Amino acid sequence: DTEVTQTPKHLVMGMTNKKSLKCEQHMGHRAMYWYKQKAKKPPELMFVYSYEKLSINESVPSRFSPECPNSSLLNLHLHALQPEDSALYLCASSRIVDEQFFGPGTRLTVL
Amino acid sequence: GESVGLHLPTLSVQEGDNSIINCAYSNSASDYFIWYKQESGKGPQFIIDIRSNMDKRQGQRVTVLLNKTVKHLSLQIAATQPGDSAVYFCAEINQGAQKLVFGQGTRLTINP
């Protein structure tokens, strides 16, 4: 299995909702990442997990809460988001210092 | 500071022609570079990589060139096909920092 999967593909939520994005990989990678990508822009790093521990938080607002339950799974919990948080959220994984494999993303719309 | 940028935001080439996409980077500490292809509605897809101890690497129809003197990276695609139409991002890593930094991207359009 050489792919990163993400669910859901699309998500529409209100500003008072709580939702979660999920990411899974079975390549044995020990680093996992969340990126945010706005239209016509490059992906921007949000969080990095190494060996299931948060190693990088790029000053992301607390309404985004990452979680790494085990080495194959990565979640992003969303609460009280703003319309400007609408974007494509990408998950990636890698061996610790190597190319990153990206999932297809979750297209998030905040109303 | 760290920045990776591209010279041209859009590029159009005729099917069958060769294309060259350029990228400039400013962090001399970067030691690993990757080109990604992103099609509409999909995540970035790895194309080819190169480490800083190399100046050229070839794949299938793609070649990456690295010029560390002028901090320049390029992606050459030979005999372009309609399926090559996408946005291409260069990205750099300082492997000690574990952070992948993307350039702004070039939209490549292949004309029939």
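Predicted model: local features only at pLDDT ≥ 70, side-chain atom pairs only at ≥ 80, totals over all residues.
Two strands count as paired here if DSSP finds at least two bridges between them. Keep that in mind for the sheets.

Let's start with chain A. Four of its strands form an open sheet, in the order β1-β3-β8-β7. The pairing is antiparallel. Which strands stand at the edges? Those are β1, residues 4–7, and β7, residues 64–70, of chain A. Each has a single partner strand, so one side of each is left without a neighbour in the sheet.

β3 of chain A covers residues 18–25, and β8 of chain A covers residues 73–79. They pair in the antiparallel sense over seven bridges. For a landmark, take Lys18(A), which stands opposite His79(A) in β8(A).

Two backbone details in chain A deserve a stop. As background, most residues other than glycine have a negative phi, and most peptide bonds are trans. Here is a cis bond: it runs from Thr7(A) to Pro8(A), with omega near -10 degrees. Pro8(A) sits in the loop between β1 and β2 of chain A. Then there is Tyr51(A). Its phi is near 50 degrees, a positive value in a residue other than glycine. Tyr51(A) is in the loop between β5 and β6 of chain A.

Over to chain B. β4(B) and β5(B) pair in the antiparallel sense over six bridges. Lys37(B) has Gln45(B) in β5(B) as its bridge partner.

Next, the interface. How many residues of chain B are in contact with chain A? The count is 21 residues of chain B, against 23 residues of chain A. The area buried between the two chains is about 1,600 Å². Carbon and sulfur atoms give 53% of that. Three residues lead on the chain B side: Gln98(B), Lys99(B) and Phe102(B). Together they supply 33% of the area chain B buries against chain A, more than any other three residues.

Polar terms next. Between chain B and chain A there are four residue pairs in polar contact, counting both partners at pLDDT 80 or more. Where does the chain B side come from? β4, β5, β9 and β10 of chain B each supply at least two of its residues. By class, the chain B side has ten nonpolar, seven polar and four charged residues.

Last, charges. Side chains of opposite charge can pair when their charged atoms come close. The whole structure has six salt bridges over all chains. One crosses between chains, from Glu58(A), in the loop between β6 and β7 of chain A, to Lys99(B), in strand β10 of chain B. The count between chain B and chain A is one salt bridge. How far apart are the closest N and O atoms of Glu58(A) and Lys99(B)? They are 3.1 Å apart. Lys99(B) also belongs to the leading trio in buried area.

Notes:
Residues numbered from 1 in each chain as written. Chains lettered and ligands numbered in written order. Heavy atoms only, no water. Contact = heavy atoms within 4.5 Å. Buried area = accessible area lost by both parts, 1.4 Å probe. Salt bridge = Lys/Arg side-chain N within 4 Å of Asp/Glu carboxyl O. Polar contact = N/O pair within 3.5 Å; in protein donor to acceptor, adjacent residues only side chain to side chain. Nonpolar A, V, L, I, M, F, W, Y, C, P; charged D, E, K, R; others polar.
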